[in-house]
Amino acid sequence: MALLSVLTPFLAVILCLVVGFMLLKSRETTSTPPDKSKGAPKGDSRPWVDQDLQDDTENTAREGDDDEWVDGNDEEESLAHVPYSPPRYPEDKMLERSKDFYTVMNQRRSVRFISSEPVPREVLDNVIRTAGTAPSGAHTEPWTFVVVSDPETKHQIRLIVEEEEEMNYRQRMGDKWVHDLAKLRTNWVKEYLDVAPYLILIFKQTYGILPNGKKRTHYYNEISVSISCGLLLAALQNVGLVTVTSTPLNCGPQLRLLLKRPANEKLLMLLPVGYPASDATVPDLKRKHLDDIMVHI
């Protein structure tokens, strides 16, 4: 009996540990989602997906629709490689060109006062061509540039954007965001959507649709399209046109339907494009110094 009384506290501790371990394992089992990769075709694993971006690259093989997606093995396995010899400039010429390009780009500003003066269509075509030279994951080129010049369509876009933007400013964005924008004098009224000769709406293709109806994975589609938008802004600046980058919150689905774009496309950016108005003004902003944006190791 003396031995039992000594062992009882020890046994109680052991019993508590066993019960606690069983409860912990039970919780892990119920909270952990089933591993869909087990038993699935090898091609369904997608380690290239950046979980921080959630760019819909993983929006691919779903249960029961494997046949809708093209297998990488079905596509051309290799491409012919050709010689590449871009121009090579002397160092003094390189320095001159780098300074000249910086001077042009340093004049780029977000302009909300845009002239209705017509812009040559061929110029805009070349600007879009330039944006289309951007690199993309596996060369999928997951972008669609919708160019709108029809006045009625532009006005419908404005109505959709202003309705949602008013709600954004009044309810969704919060006091801090609205306060940070106050110095720029922005609001939900977007007159330039009617006035600008062109609106460019950039859609990211979350997956491709082949001629045979099958779907093709578009890797890092959001990053790829964002890079193309950067080239687009540079190309506009190069020809003397202005724009303001707009990402209208909660407008994407309505604008996609208005413009009759397919379900695999999602609106990433909206750009009004034209010459600056004769009385255009911009905030007197300063850019960060090179030492504040570059780390040289």
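**Labels and their grounds**

Tutor: Trp-69 and Tyr-207 are both buried, where buried means under 20% relative accessible area, exposed over 50% and partly exposed in between, with a 1.4 Å probe and protein chains only. This is a predicted model, in which local features need pLDDT of at least 70, side-chain atom pairs count only at pLDDT 80 or more, and totals for chains, interfaces and linings use all residues. Residues are numbered from 1 along each chain as its sequence is written, and side-chain values use heavy atoms, leaving out hydrogens and water.

Student: How many aromatic pairs does a search of the whole structure find?
Tutor: The search finds one.

Student: Why is the pair of Trp-69 and Tyr-207 called edge-to-face?
Tutor: Rings of Phe, Tyr and Trp (its six-membered ring) pair if their centres lie within 6.5 Å; planes under 30 degrees apart are stacked, over 60 edge-to-face, and the rest tilted. Here the centres are 5.5 Å apart and the planes stand at 65°, so the pair is edge-to-face. Trp-69 sits in the loop between α1 (2-31) and α2 (91-106), and Tyr-207 in strand β3 (residues 207-209), 138 residues apart. Helices (H or I, at least four residues) and strands (E, at least two) are DSSP runs, numbered from the N terminus.

Student: Which residues of α3 are buried?
Tutor: They are Leu-124, Val-127, Ile-128 and Ala-131.

Student: What makes them line one face of the helix?
Tutor: The arc is taken from the directions from the helix axis to the C-beta atoms. Down the axis of α3 the buried residues fall within an arc of 95°, so they line one face. The face turned away from them carries exposed Glu-122 and Arg-129.

Student: What do the buried residues of α3 pack against?
Tutor: They pack against β1, β2, α7 and β5, contact being heavy atoms within 4.5 Å.

Student: How do you know that β2 and β5 pair?
Tutor: Two strands pair if DSSP finds at least two bridges between them. Strand β2 (residues 198-205) and β5 have eight bridges, in the antiparallel sense. Tyr-198 stands opposite Val-273 in β5. Eight of the nine residues of β5 (residues 265-273) are buried.

Student: What makes a set of residues a nonpolar core?
Tutor: They must be buried Ala, Val, Leu, Ile, Met, Phe, Trp, Tyr or Cys residues joined through side-chain atoms within 4.5 Å. The largest such core has 22 residues, with Phe-145, Ile-200 and Val-273 among those with the most contacts inside it. Its largest share, six residues, comes from α7.
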